[in-house]
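I opened the model to look up strand pairing first, then the chain contact. My notes follow in that order.

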2 protein chains.
Amino acid sequence: MNPESVKSLKVGICGLGTVGGGTFALLQNNQDEIRARLGCDIEVVAIASRNLDAANWPGVSQAASDVFAVVNDEAVDIVVETLGGFDPAFEVVRQALANGKHVVTANKALIAERGSELFPIAHKHGVCLAYESAVAGGIPIIKALREGLAANRIEWLAGIINGTGNFILTEMAAHGRQFDDVLQQAQALGYAEADPALDVEGIDAAHKLSIMAAIAFGIPLQFHKTYTEGISHITPEDIDYAAELGYRIKHLGIAKLSAQGVELRVHPTLISKKRLLANVDGVGNAVVVHGNAVGSTLYSGPGAGAEATASAVVADIIDIGRAMLAGLEQPLLPALGFQSLRGEIPVLDIEEIVSEYYLKISAQDKVGVMAKISNLLQQHAISIEAVIQKEAVSESVPIVILTHSAVEKQLNQAIAAIENLEDVNGAVMRIRVESFGGK
Amino acid sequence: MNPESVKSLKVGICGLGTVGGGTFALLQNNQDEIRARLGCDIEVVAIASRNLDAANWPGVSQAASDVFAVVNDEAVDIVVETLGGFDPAFEVVRQALANGKHVVTANKALIAERGSELFPIAHKHGVCLAYESAVAGGIPIIKALREGLAANRIEWLAGIINGTGNFILTEMAAHGRQFDDVLQQAQALGYAEADPALDVEGIDAAHKLSIMAAIAFGIPLQFHKTYTEGISHITPEDIDYAAELGYRIKHLGIAKLSAQGVELRVHPTLISKKRLLANVDGVGNAVVVHGNAVGSTLYSGPGAGAEATASAVVADIIDIGRAMLAGLEQPLLPALGFQSLRGEIPVLDIEEIVSEYYLKISAQDKVGVMAKISNLLQQHAISIEAVIQKEAVSESVPIVILTHSAVEKQLNQAIAAIENLEDVNGAVMRIRVESFGGK
């Protein structure tokens, strides 16, 4: 495209829900600011959404209920995909790219699960498939990983990347409330989906984590190899014991690169309350990235919401627009930031990881129980960092143990042996502790 | 430049001190990672530094003590200026740009005070003058402001942008130590300059603040209009009283855009200890940016040090390299991120700002003093939010007041009147309180 001829960028939006509607509104509301930065206008020339009433969208020349009308509209330079899900989102993005249009998407599931099919199509047609808004809402974390920290070998990253889960854990900690109780409130407030599994079982976080890990380490997208564990089994008591030991419980996505392989895991995690990440509360998101040169940097802000997500969608549009105006014939950098991905690094099984652990054991109030537990841990080469033993409640006494680093497989064997003790009641509660290589 | 022909980017480094040496080392240590991202090698072909011993720099074809040898080296595509100061840094950058070379600088004073002269030269010659490392060390805050948040009207930003000052305040708070005592330690640790004024009087922070404000608001660089107030008058008692009221004291750089004008100010500030920013400790830096769409996002990490700063220098080199490889003939975006700057917005005088205030008054232990002070505040339309009145120490009693929002000019008049009271000893301590539009 000849930059001299560009008077405005022509955008088409597929899906006018929260994010799509927010994007439309933001392009209107901030158009002076955007023009001052970009040097030309961004014009929404086509929109499409199921049951769209064109009368509600004055000023848009093409308003349709068929999303493919946008994809095939010759006037459109950039397609914004804010439909969510896979059908028809995948086909919309695929066809838009094949038609030589840039695509901006907020669809984390689509990128995480089918990005590997879509990026080569974008590459083949010399267009961008941008997805800043798919991870951590309004926080420009994709740009930080792909550009701002590009001089680093990224060693690990860890993030609170699901606002609903963080809201629930924050409320449980602040008011001693039960998980189910807060979840209902989150649903009433519109934070959580009607089917909350995506949020509280870690699926949504795993989508985002697998995208960040790919960019950080230069590896393929590997959502299906990401270990996920939800937060529904966390109790206010666990949160209290953790606090007593100097920790908070957060639902973290963690990705680590080591000589043995890559760790990709989402699970509740104890982190020292002195860390900034432990103090990110409510629906906020935050990601810590550790690079071998820069050390740890943290990025936090709103991880969801119409306006915050639209901020990232429009940032992608502006990036693409700046490149178009400069006359670029191909994207400035590869979709995942690496010219070639390292495919050979295996994703470690969760039993292979090394971590510290929080264990809560309900034991009978008898002499010698603690000695038996200690012996079993020692037999599995697990050493104890701290213990809290409380007053007996009826006939059982809760024992809380913080371990030093151990291989998870050995820890699981030790737990099985402890659960087999006659003096131990029911299952042992096990939560991973993350010290990020420091204390 | 024809992208096909680029086998490596040729870099020349002027100044081999902490940052320059760190940049050289980082380019060696992470060269595999950088090549995987960029798609070609970055080669340091020329270096120059006073008293340089070429024998210490094997593999560099040109090593000189004259920095202009690098600037005039035809083999060099990108000049890294890590000399610091103005002379010869200004002339080095000016000539490099005039020679059609891209320049990457870590020199915050140079950009803040003379960027307005240098950016037009870069523009004229179609090259980049990049300065990510000049603000907040390894944190990619320039990229966030200029690109990641480009869809927003930035309303304000506030940051801890001098690590030495934050180290001093953190130590004072943690151990009740005096300012002078911790400053000496900071100097011994190599954090603070021998002349500490740059750090503790807020000059260094004002350099960084004026750069961020220009990019955030699209205004000219206005370092000389930035209000600065240091931290040497803060006492452990102030820190304790602030803590009792729920606040921490941080040395903040604050920039705000309003209908009346721009506020640019660096001063000690009480912020609620519940805010993430209040919990950034030690030599760390952090910046909160508030955009009208995204809301508040926070960026934190190491603000200084050889490796962290080099991380940002090399990120700039990679950005420039990606553009060169894509065949770009001109920078992708203007140096300050706006196609045209808003020059008409005045910088407000510090007396025009509206803020809440912490006041500490040493009064004689007599009946009616508090009533007199309250009356004087009321006469100047200043209302009180909280008061701490302690036991008398010898014959004087410390009174600590937190006010609601007031115009600083009126507050100063009230303070003058209070200081004139017979029952008040000495000067009133006044520290601004920042609630960032919320509580």
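I began with one bridge: A48(B) has A64(B) in β3(B) as its bridge partner. Helices (H or I, at least four residues) and strands (E, at least two) are DSSP runs, numbered from the N terminus. This is a predicted model, where local features need pLDDT of at least 70, side-chain atom pairs count only at pLDDT 80 or more, and totals for chains, interfaces and linings use all residues. Residues are numbered from 1 along each chain as its sequence is written, and chains are lettered from A and ligands numbered from 1 in the order in which they are written.

I then checked the pairing around that bridge. β2 (residues 41-48) of chain B runs parallel to β3(B), over 3 bridges. Two strands pair if DSSP finds at least two bridges between them.

Which order do the strands of the open sheet take in chain B? I read β3-β2-β1-β4-β5-β6, 6 strands with parallel pairing. β3 (62-64) and β6 (129-130) of chain B are the edges; each has a single partner strand, so one side of each lacks a neighbour in the sheet.

Next I looked at the chain contact. Chain B puts in 53 residues and chain A 53 residues, counting residues whose C-beta atoms, placed from the backbone, lie within 7 Å. On chain B, α2 (31-38), α6 (141-148), β12 (295-302) and α12 (306-325) each supply at least two residues to the side touching chain A. α12(B) gives the most, with 10 residues.

β12 (residues 295-302) of chain A joins β12(B) through 3 bridges, antiparallel. Y299(A) stands opposite Y299(B) there.

Key. Contact = placed C-beta atoms within 7 Å.
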